[in-house]
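Please keep the sequence and the model in view while reading.

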Amino acid sequence: MSQKERIIGGVANYVDERTGAAKWLNKNLKKVFPDHWSFMLGEVALYSFIILLLSGTFLTFWFDPSQRDVIYNGSYMPLQHVQMSAAYASTLHISFDVRGGLLMRQIHHWAALLFMASIIAHLLRVFFTGAFRKPREANWLIGVGLVTLGIVEGFLGYSLPDDLLSGTGIRIAEAILQAIPVVGSYIAFFAFGGAFPGHVFIPRIYTVHVLLLPGAFLALITIHLMLVWYQKHTQYPGPGRTEKNVVGYPLMPVYMAKAGGFFGIVFGVTAFLGAVASINPIWLYGPYTPGQISAGSQPDFYMGWLDGLVRMSPPIETHAFGHTISWNILIPGLIVPGILFTGMALYPFIESYISGDKREHHLLDRPRNVPNRTALGVMSLTFIMVVLINGGNDLIATHFHMSINQIMWMSRIGVFILPPLSFVITKRICLSLQRADRDLVLHGRETGRLVMLPHGEFVEVHEPISAEKAWTLTSHEQPKAIPHVSEDANGVAKPKSLVNKLRSRMSTANAEQRPAATATEAKELEGGHH
Amino acid sequence: MTNNSIEKFQDPGLPEHIHRKADHDEKAAKTAERQVAILFLLSAVGTVLAIGSYIFMPQDVVIFIPIMGDQNAAQLFLGLGIAMATFFLGMGAVHWAKTLMPDTEVVAERHEFRSEESDREDFVATVKEQGGSAGLGRRTLIKRSLGLAGGLAALTPIVMLRDLGPQPKKQLETTSWEAGTRLVTDPGDRPIKPSDLEVGAVAQVLPALKDGEERTLENIGKDAVLLIRLNPSEFNLDSERLSWTHDGIIAFSKICSHMGCAVALYEQQTKHLLCPCHQSTFDVTRAAKVIFGPAARPLPQLAITLDSEGYLVAKQPFTEPVGPSFWERNTK
């Protein structure tokens, strides 16, 4: 036994005698993870979260979360002797007088954008492949919680510097609070410690931003990952991959090296962005004062869709019995987002109710094989894209020399027309792709070789595809519709018949499929054609 | 075919593993090893660059980068160094894993999460037995009083948030403007005479401070007013609102009636005020009537006149609350 082996053995022995961990560790170091590029999206989110913790901690060493008035006299000349809050002054200090401070600010902001972007990409991957199905519904709910908290955390984060742009964002948030019926003005006054802007809001959201929400993130991410670990990762369908197994590489050493290495790559990319790409140059905006504003006020992209909704809202308020209800704020600011996020959270349960499918699923769907779900996803994305574009309508207007009124009306109409249209188009495309798969299996691959037959006809030579590919393209399930039953076996009418009817119609739409090719058909074709 | 049943394609099983060159060729393996080492060395170079530029690079050197514009050289090289250090460290590890670590796929079994039927029954029995012995099902008095106590206990932390802020009282309804308050420039705090404003000009004004008063952001958030001078003939106002103007000068609250942003964009040609936040557009000639966007109410107009010294003053306070709507707002 070499010196090295003796040391490793000694450490392992020491740990195991005190924890009994050897069995557990041995099992888990051999844990198998399937390999696919789309499984890295969630990893990017995790790594950018770690980058956020590291860079954020660095920033807290200098940031002063206070709205006390100070006179700036740091090294940024244009704002010399200007009165501002300590929060803004200390952000300037970090940007200009701490070496690497601006870099860290920019890394922190880029990492936040990457965090949100990768969460959303990961969410879409999980949705479109059906990874949220039993037994992973709880993890889907945690994910919805994480994306919601992420939006809040990001908003609070870019509000902290107390510059003119972010102060305007806080003003809008205050107006949303104030618009809540009955208790709105009380909530706003409690949150801001009095009239807007007050002197307590920045310190309060600082505690939420650096302590409360990161703590919640840590807890939720831990449960999220433990569930992935315990339930084992899903895998894409393919030869040798079944609902009963998981095919991939062991944690030790391959995944440790790959995941650790990938963390380095994500950090490197964020650091590169922070180094070369300026983001949120708060010194250009000036300190916040409610009487001023800069043109082209834009939130970060994950808030932009909300802002776009608010912008396109029709000017409706109800004035009755001495009270005012601002529908123009409540509908786009609270009601529509509430419906969207509730719908998203409940989707796994709705789908399972419609399909009547209560089985476990570990093999992922190819999106084309579940046309209704895919179409619903694209429909939601289209909705978000239309309102997001409207959130940038002022910039689009100036960059493309368009009238802002036209853009607003285009999105007001588009937000109703385009999502259903995209649903229909996506569903048709999915069914066409199913047909293409069928053709590929039955008629083989187009080789591009043209052959002239003796009688002058040109045909293209098709080559049969491999058994592996044929299996991958045909192994998916063909769902069956749940027939509508209005009476039970004894002829007694079933209660809630309307609900049942709706369910049966939805499940019929869900089951619309082009049949997968079968070996029988392939053989028949072979017998007939050649 | 005699058999009429439909036969599906069969799972051919895991494809045969194809070995990499480095698995059997010692030379290729050596090459891969060298590549990994080069990546790690690049990372080391990055760290040297980062620390070097942190210590030695002067802080005031600005260099121009195409597309990105002027950049602070010290920040730039520090960042590029950190980026190199972490990126190539990661690339090295990934390249190592991909070329030299075992790449045979492993198959692990999955098991259904549902427990064995007997375990489930045992569990239910245990819960029933243990729960039953605690009397959870029977002792309704305990259950109900526990529910009451638990629910009430959760109220305390909510009640304790009460002191976060004062009650709104009338603060949302009132501003600092009173009859006779002078309009002063912001910034500068100078009183304004009509002759200071050309036709077509626009100015931000605030109420003059009383002795010993300080200007707070809370006040600015309610008091900010825009002063616009038009040709009196351009107004399209009823007689009351027209009497609130002075010689073509009209004053509106600058705080948007939608969500409280500063309505700062004035288009001289069309005489429209535009809020940059959500593009609510107000027509100055028609008492800031909303002509586009999500705002539901015009900007409140401030009645102005001249004092004995010829300076612009408010004729009366705002007749309605300024800023965004709220539940208690009594809009007539």
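A crossing of two helices is called left-handed if the near helix is turned anticlockwise from the far one by less than a right angle, and right-handed if clockwise. The model is a predicted one, in which local features need pLDDT of at least 70 and side-chain atom pairs count only at pLDDT 80 or more, while totals for chains, interfaces and linings use all residues. Residues are numbered from 1 along each chain as its sequence is written, and chains are lettered from A and ligands numbered from 1 in the order in which they are written. Helices are DSSP runs of H or I with at least four residues, numbered from the N terminus.

In chain B, helix α2 (residues 26–56) passes helix α3 (residues 73–99) in a left-handed crossing. Their axes, lines fitted to C-alpha atoms over the stretch in contact, with angles from 0 to 180 degrees between N-to-C directions, come within 7 Å and cross at roughly 160°. α2(B) is therefore roughly antiparallel to α3(B), a term for angles over 145 degrees.

In chain A, helix α6 (residues 137–159) and helix α12 (residues 327–355) pack at about 170°, with axes 9 Å apart. They are therefore roughly antiparallel, and α6(A) passes α12(A) in a right-handed crossing. Contact residues, whose C-beta atoms, placed from the backbone, lie within 7 Å, include A:W140 and A:L141 of α6(A) and A:F341 and A:M344 of α12(A).

Helix α13 of chain A has 16 of its 21 residues buried, that is, with 20 or more other C-beta atoms within 10 Å of their own, C-beta atoms being placed from the backbone.

Technical notes. A residue is buried if 20 or more other C-beta atoms lie within 10 Å of its own, exposed if 12 or fewer, and partly exposed in between; C-beta atoms are placed from the backbone. Helices (H or I, at least four residues) and strands (E, at least two) are DSSP runs, numbered from the N terminus. Angles under 35 degrees count as roughly parallel, over 145 as roughly antiparallel, 65 to 115 as roughly perpendicular and the rest as oblique. Two residues are in contact if their C-beta atoms, placed from the backbone, lie within 7 Å.
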